[in-house]
Amino acid sequence: MANVPMIKLNNGVEIPAVGFGVFQIENGGTKQAVLDAIDAGYRLIDTAQMYGNEAEVGEAIKASAVAREELFVTTKVWISSTGYDATMKAFDASLAKLQLDYLDMYLIHQPYGDVYGSWRAMEDLKKAGKVRAIGISNFKADRFVDLDIHNEVTPQLNQIEINPWNQQKDEMDWLNKEGIQPEAWAPFAEGKHHLFTNETLVTIAQTHNKGVGQVVLRWLYQRGVVSLAKSVHKSRMVENINIFDFKLSDAEMVQIANLDMKESAFFDHRDPKMVASLGGRQN
């Protein structure tokens, strides 16, 4: 089993360097996937109100032989539940579905709606000891700098899309400046642009006798990024977590840096049509 390093957040709480995400796992498969992930060595489990599978994650945690305090559980509040009172209600609902007494990390899922009301609620939840760390997701630098300046608590973490096609160097510079930990969703870009057969990544993988996915996750780790990988296949889970027995050279890091397309493999969070769609507007 992999010995996963811990990364210290700006409030002193430690988070595992790699985690398991449960977005888009088909209904009914989440419990077994989380159990397999925990058995493979994962201790960071990431879900969300919007994913609709918090209850299955909770069932897996309860059924697991691993002690609760050894796990780092993250969930997120959705746009429809932003605002102080709504976030407090959503938090209680998530905690009940997860069958937990506290969360390790609570995130604002998208930078839309009453995020300031949500943040004040999360600050209070943290003060009350109901969550160990609070953060954000999909916030661009201007939004998280603004949030930081006008609130008491600096976010501990920002979960954003980071992969070889969208390396987010400028965002990373600002996160480092603010002392906010970057965490990558979609590290494999869901295989878009033929990631798993990319000549550069394949050559580097062969050099280390590793898979392309392992190279990508190692690249993120060497950039100081916490990564979230998803799979329903236990053999792939084991492969994805075993990235700490090799190191990419400076030259290899540069080769991967040169793959940056500087654009999302999915969508632009500043596209008004996407903002309207995510916010529930039908036209």
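Helices (H or I, at least four residues) and strands (E, at least two) are DSSP runs, numbered from the N terminus. The model is predicted: local features need pLDDT of at least 70, side-chain atom pairs count only at pLDDT 80 or more, and totals for chains, interfaces and linings use all residues. Residues are numbered from 1 along each chain as its sequence is written, and side-chain values use heavy atoms, with hydrogens and water left out.

Gln156 lies in the loop between helix H5 (141–149) and strand S8 (157–161). Gln156 counts as buried because its relative accessibility is 2%; buried means under 20% relative accessible area, with a 1.4 Å probe and protein chains only.

Leaving aside neighbours within four places in sequence, Gln156 is in contact with residues including Leu9, Met105, Lys126 and Gln181. Contact means heavy atoms within 4.5 Å.

The strands S3-S4-S5-S6-S7-S8-S9-S10, 8 in number, close into a barrel in that order with parallel pairing. Two strands pair if DSSP finds at least two bridges between them. S3 and strand S4 (residues 44–46) run parallel and are joined by 2 bridges. Gly21 stands opposite Asp46 in S4.

In helix H9 (residues 234–241), the buried residues are Met237, Asn240 and Ile241. The buried residues of H9 pack against strand S3 (18–21), helix H1 (30–40), helix H8 (212–222) and strand S10 (226–229).

Definitions and conventions:
Buried means under 20% relative accessible area, exposed over 50%, partly exposed in between (1.4 Å probe, protein chains only).
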